[in-house]
Amino acid sequence: MSEGSYQRLWDSSHMTLQELLDQEQPMLQPVPTREWQSFQYRLSSLYLYYLGLLRGFDILYDQMVQPQKRRLLRRLLDSVAGRVLELKDEMVRVDMCEWHCLDHVLRDLGLTPADLEVPIPKYFLLEQSSILQERELMLAEILSRMEPVAFQEAIMSRTEAIILLQTAERARQGRLRAAFIREIRRRTAITIQKVWKGYLQRKHTQYDRQTEMEFIGMIPLPDTVEHVSVANLRNDVRRSRQTEKEEEFQMAIAKTHDALRETEGPDIKEKMKEQIRQWFIECHALTGRFPNYPDESLGGSNQIFSDKTPEQVKMELENPVQESTKKEDKNKEKEKEKKKAKEDKTKKGEADTMLKALPSKFIPLINAGHEEYKNVWKNRPDHLYPDQSFDPKALRAEKRKELEQEIRKQVDELMRQELKNLRLAVDREEERPFKAPKKAGKKKKKKEKDLTPNRSLASLFEELVVFGLLKKCKAVLLKDFVGDYLYLGSTLSLAHKLPMPSLFDVRQNMALYGVLRLGSPDIHSMAPLIRSILLVGPSGVGKKMLVNAVCTETGANLFDLSPANLQGKYPGKAGVQMLVHIVFKVARLLQPSVIWIGNAEKNFYKKVPKEEREMDPKRIKKDLTKALRLLNPGDRVMLIGTTNQPHLAEMKGLRRTYERILFMPRPDYASRYVLWKHMLHMERIHVTQTHLDISALARVSDGYTPGHILQAIRLVLTERRLLQLSRRPLLASEFLAHLAKLEPVYREEEASLKDWYFKTPLGMKKIEFNKDLEAEEARLAKEKKKRK
């Protein structure tokens with residue numbers, strides 16, 4: 001894409017953004033619950049449009065060169081991503097379900113299931129590549145310094161010594177025979193190598209000639225390879241230009257700041273002093289007293305000119321009695337409002353409850369970014385800066401504001417002293433301390449005690465690596481978790497049947513709950529806070545793969561607190577407390593971080609089995625819940641638990657620890673078809689060039705998980721079988737014998753997992769809501785019959 005095409009994409013994205021901002025205000029209006037379907041439809045359409053905007057802004061931020069535009073794009077990208085997360089929470093609240101059937105919305109909007117894919121911003125990994133490399137080097141260095149465990153030398157008996165000597169003598173004779181045979185084989189190998197090296201050399205020469213002819217343009221390149229390679233090359237070139245322009249912009253920032261300080265700084269300082277002195281004079285003329293000077297934490301002199309006028313100060317100082325009466329009147333009004341609210345609640349209980357969207361934290365940020373685009377960049381002629389360099393006028397205006405803030409702090413210090421001198425000289429009184437208004441309703445949170453105040457981060461990091469609690473995650477992308485979309489979800493929901501989530505829905509939820517939140521500190525600080533996720537599903541469905549994918553996509557550290565991994569480590573209550581403290585401390589300092597607990601049900605066993613009593617799997621649960629509560633917005637640390645036997649655990653404990661519970665069922669037919677095709681393609685088997693019936697394999701493999709399918713493919717496609725493909729094509733029957741040896745997930749096992757899930761708070765709400773809808777429809781049907 002050229003620079004003009006990126007500019008057109010930016011303009012069209014802001015046109016769409018303006019339309020969405022116009023639709024946001026009606027969503028705040030309350031709607032009766034009987035109209036929940038239309039409300040949910042509007043939420044879903046907004047969600048889909050914001051996903052498209054997120055995709056567009058990600059492309060623009062990744063490829064645009066102009067540094068000032070990129071800063072605006074970064075703010076818009078994070079704000080739109082946060083709005084997507086808010087809409088996801090709204091949809092969960094309205095649907096009372098973690099997955100949503102949006103096939104009818106896609107059809108009406110002319111979209112495809114590919115538009116439902118959550119785009120992962122590329123800057124998550126690109127902008128912290130150096131940090132990730134440092135962490136990998138640190139981990140590799142610690143692992144290399146780890147000494148092997150020294151074993152104690154055992155006392156050897158006479159018979160053992162004789163056996164050892166006999167084996168050594170046999171080994172010596174075997175080495176002599178091997179040397180003789182090696183010489184014979186060497187001679188035969190030389191003749192074979194002559195033939196083989198000649199064949200390889202001819203093949204390499206042919207390949208080099210073909211690449212040379214392609215390079216000089218005598219042989220056309222394949223379209224797909226050419227387009228992909230050229231597109232990647234252009235993207236890399238634009239990224240290199242971004243770094244060059246960013247360096248130029250940083251140098252210009254320093255020069256502009258110094259120039260403004262020298263030329264305009266003294267004038268700005270004198271104007272501020274004159275304004276504040278005039279304020280002192282006006283207040284003293286009206287009230288007879290000099291005003292209080294606001295503290296620096298409240299904004300200093302900014303608060304003087306923004307919040308109060310001299311008349312307001314006069315009213316506050318001369319009429320303290322009226323203020324007290326006003327406070328009493330306000331308290332009485334609040335009591336009346338509370339009574340009215342209680343009455344309204346009782347009335348609403350009798351009538352229909354109302355639905356409405358919650359106010360958004362990100363809409364003001366999106367509005368501000370959109371206004372900046374309209375005021376600065378919309379009608380800006382690009383021919384003035386064809387090389388995509390920075391705009392000096394916009395830079396001077398921005399730096400002027402920052403310089404004013406710096407100078408205002410200096411002026412405030414000087415004027416506070418001047419105000420003190422004026423009080424002593426005119427009113428003959430000392431300085432009165434400024435009392436900041438108390439903010440009601442905010443309680444101070446207890447701070448966590450640091451149990452390791454004298455230890456460095458490097459030593460704690462090394463300790464966790466040595467004990468095997470900090471591990472290197474497997475490099476797996478989220479798109480490698482393959483699964484298709486459920487196309488009949490809305491049809492099933494209209495028939496009051498609860499459709500199960502597809503693997504596509506699970507991947508989408510992990511992108512929203514895990515990747516988007518952990519990838520950016522700005523998104524995490526303002527998005528709805530989610531501290532923990534529990535993945536529930538049969539073994540082999542890909543739960544641990546999703547944990548590794550979240551770590552790979554965000555560059556997060558992986559901490560393993562599984563009960564089996566903690567056995568024998570940090571014994572006692574003090575040890576457990578120290579363990580949890582160190583893990584969460586390092587996770588915060590090296591965020592983003594993922595804390596994984598495999599077999600999460602063991603932490604909340606109803607009854608610990610005899611064979612696991614030595615492990616003591618429940619010893620960590622109290623300290624774990626306490627540590628999770630101390631995580632605040634901005635702490636990019638997430639707990640992810642995985643389990644295939646949740647019924648063994650206490651429901652209350654799981655509910656307190658894990659805020660989101662995601663159910664992962666067996667793959668349906670569409671997902672199995674995509675899985676077979678994708679996994680065969682990963683083994684370099686082109687399905688279109690073979691006679692393999694993928695549809696039959698998808699039918700036969702009902703009940704098998706992605707792990708089973710991958711295991712069967714690897715057992716069949718050995719090196720020998722791959723060499724025979726040209727002579728003997730691959731058949732579907734070859735996989736059946738290996739699938740028959742594996743144990744599938746039976747319907748009873750999946751049914752028990754479904755029953756458990758619908759006992760969770762969200763599952764119970766969904767069932768009750770469906771029952772109410774069925775009762776309402778039955779009542780309306782009876783009324784129609786009576787009318788007839």
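The model is a predicted one.

- Strand β8 pairs with β4 (residues 532-536) in the parallel sense, and four bridges connect them.
- Within this pairing, R660 in β8 is the bridge partner of I533.

- Strand β6 covers residues 593-598 and is mostly covered, with six of its six residues buried.
- On one side of β6 lie S593, I595 and I597, and on the other V594, W596 and G598; both faces are covered.
- Strand β5 (residues 557-560) runs parallel to β6, and the two are paired over four bridges.
- Opposite W596 of β6 stands D560.
- Strand β7 (residues 637-643) is likewise parallel to β6, and six bridges join the two.
- In β7, G641 is the bridge partner of I597, while L639 is that of I595.

**Backbone geometry**

- Most residues other than glycine have a negative phi, and most peptide bonds are trans.
- The peptide bond from Q591 to P592 is cis, with an omega near 5°.
- P592 belongs to the loop between α21 and β6.
- M96, which is not a glycine, has a positive phi of about 55°.
- The loop between α3 (67-95) and α4 (103-109) contains M96, which is buried because its relative accessible area is 15%, under the 20% limit.
- D616 is not a glycine either, and its phi is positive at about 50°.
- D616 lies in the loop between β6 and α22; its relative accessibility of 39% makes D616 partly exposed.

**Salt bridges**

- Side chains of opposite charge can pair when their charged atoms come close.
- The structure contains 30 salt bridges.
- One of these salt bridges is formed by the side chains of E117 and R507, with an N to O distance of 2.3 Å.
- E117 is located in the loop between α4 and α5 (123-126) and R507 in helix α17 (residues 503-519), so this pair ties together parts 390 residues apart in sequence.
- E117 counts as partly exposed at 31% relative accessibility, whereas R507 is buried at 7%.
- K245 and E248 form another salt bridge, in which the closest N and O atoms are 3.9 Å apart.
- Helix α8 (residues 223-263) holds both K245 and E248, which are three residues apart, about one turn of the helix.
- K245 counts as buried, with a relative accessibility of 11%, while E248 counts as partly exposed at 39%.
- A salt bridge also joins R721 and E734, whose closest N and O atoms are 2.9 Å apart.
- This pair links distant parts of the chain, with R721 in helix α27 (residues 719-723) and E734 in helix α28 (residues 733-741), 13 residues apart.
- R721 and E734 are both buried.

**Surface charge**

- K573, K622, K626, R629, K652, R655 and R656 form a positive surface patch.
- At least two residues of the positive patch come from each of the helices α22 (621-629) and α23 (651-657).
- K573 is part of helix α21, which spans residues 572-589.
- K573 counts as exposed because its relative accessible area is 77%, over the 50% limit.

Notes
Residues numbered from 1 in each chain as written. Predicted model: local features only at pLDDT ≥ 70, side-chain atom pairs only at ≥ 80, totals over all residues. Heavy atoms only, no water. Patch = residues over 30% accessible without salt bridge, like charges linked within 9 Å, V, L, I, M, F, W, Y side chains within 5 Å. Areas by Shrake-Rupley, 256 points an atom, 1.4 Å probe, with all protein chains shown as cover. Salt bridge = Lys/Arg side-chain N within 4 Å of Asp/Glu carboxyl O. Lys, Arg positive; Asp, Glu negative; His and termini not counted. Charge placed at Lys NZ, Arg CZ, Asp CG, Glu CD. Buried < 20%, exposed > 50% of the residue type's maximum accessible area, 1.4 Å probe, protein only. Pairing = 2+ DSSP bridges.
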